Amino acid sequence: CLADHGLGPRDTTWILGRATTPEGDPIAGRRVSVLREAAPNDWQPIGDVFTTGSDGIFDFCSRLTRGTPVRIRITGAGAPPLELERTLDRQLTIVRATDPSGAP
């Protein structure tokens, strides 16, 4: 966050996640975006789109304040999109995104 966006630990909230199969195996090559509600039922992407590595891990940092609801959208590999809703109620939000299709 500091190197990429100039944000220090007190300036931001973080999302750290891992895309997995139902068995817990990591899923590489999925695109991950974070969205916030700009207006009622109007979710807009914020920040960059990330791609999970061989370990399935993705991370996101921004100036979003605690209490902000977000959607985490994971797409790719021909699997249906997976969307998770979370509220950034801590400085660090941990997410396990399990793809029910089990697609690698």
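Because the model is predicted, local features are reported only at pLDDT of at least 70 and side-chain atom pairs only at pLDDT 80 or more, while totals for chains, interfaces and linings use all residues. Residues are numbered from 1 along each chain as its sequence is written, and side-chain values use heavy atoms, with hydrogens and water left out.

Helices (H or I, at least four residues) and strands (E, at least two) are DSSP runs, numbered from the N terminus. Along the sequence the elements follow the pattern α-β-β-β-β-β-β-β. The protein has 104 residues, of which 37% are buried; buried stands for under 20% relative accessible area, exposed for over 50%, and partly exposed for values in between (1.4 Å probe, protein chains only). The accessible surface comes to about 6100 Å², and 49% of this area belongs to carbon and sulfur atoms. Accessible areas were computed by the Shrake-Rupley method with a 1.4 Å probe, and for residues only the protein chains shown count as cover. Of the contacts (heavy atoms within 4.5 Å) between residues at least 6 apart in sequence, 57% join residues at least 24 apart.

Strand 5 and strand 6 run antiparallel and are joined by eight bridges. Thr68, a residue of strand 5, stands opposite Leu88 in strand 6. With a relative accessible area of 13%, Thr68 is buried. Apart from residues up to four places away in sequence, Thr68 touches Arg36, Arg86, Thr87 and Leu88.

A further open sheet has three strands in the order 4-1-7, and its pairing is mixed. Strand 4 and strand 7 are its edge strands, each pairing on one side only. Neighbouring strands in this sheet are turned against each other by 20° on average, direction ignored. Seven bridges pair strand 1 with strand 7 in the parallel sense, and Thr20 stands opposite Thr98 in strand 7. In a regular strand the side chains alternate between the two faces of the sheet. In strand 7, Thr93, Val95 and Ala97 make up the covered face, whereas Leu92, Ile94, Arg96 and Thr98 make up the uncovered one.

The largest nonpolar core contains 15 residues, and Ile15, Ile72 and Ile74 have the most contacts inside it. Such a core is a set of buried Ala, Val, Leu, Ile, Met, Phe, Trp, Tyr and Cys residues joined through side-chain atoms within 4.5 Å. Two or more residues of this core come from each of strand 2 (31-39), strand 4 (57-62), strand 5 (68-76), strand 6 (79-88) and strand 7 (92-98). Beyond its neighbours within four places in sequence, Ile74 is in contact with Arg30, Arg31, Val32, Phe58, Pro80, Pro81, Leu82 and Ala97.

Four salt bridges were found in the whole structure, a salt bridge being a side-chain nitrogen of Lys or Arg within 4 Å of a carboxyl oxygen of Asp or Glu. One of them joins the side chains of Asp99 and Arg30 (2.8 Å, N to O). Asp99 lies in the segment after strand 7 and Arg30 in the loop between strand 1 (13-20) and strand 2, so this pair ties together parts that are 69 residues apart in sequence. Asp99 and Arg30 are both buried.

Arg71, Arg73, Glu83 and Glu85 are linked in a network of salt bridges. Within this group, the side chains of Glu83 and Arg71 meet at 3.7 Å, N to O. Glu83 lies in strand 6 and Arg71 in strand 5, twelve residues apart. Glu83 is partly exposed, at 35% relative accessibility. The side chains of Arg73 and Glu83 meet at 2.5 Å, N to O. This pair again links strand 5, which holds Arg73, to strand 6, which holds Glu83, over ten residues. Arg73 is partly exposed, at 28% relative accessibility.

Key
Pairing = 2+ DSSP bridges. Axes fitted to C-alpha atoms, helices over the stretch in contact; angles between N-to-C directions.
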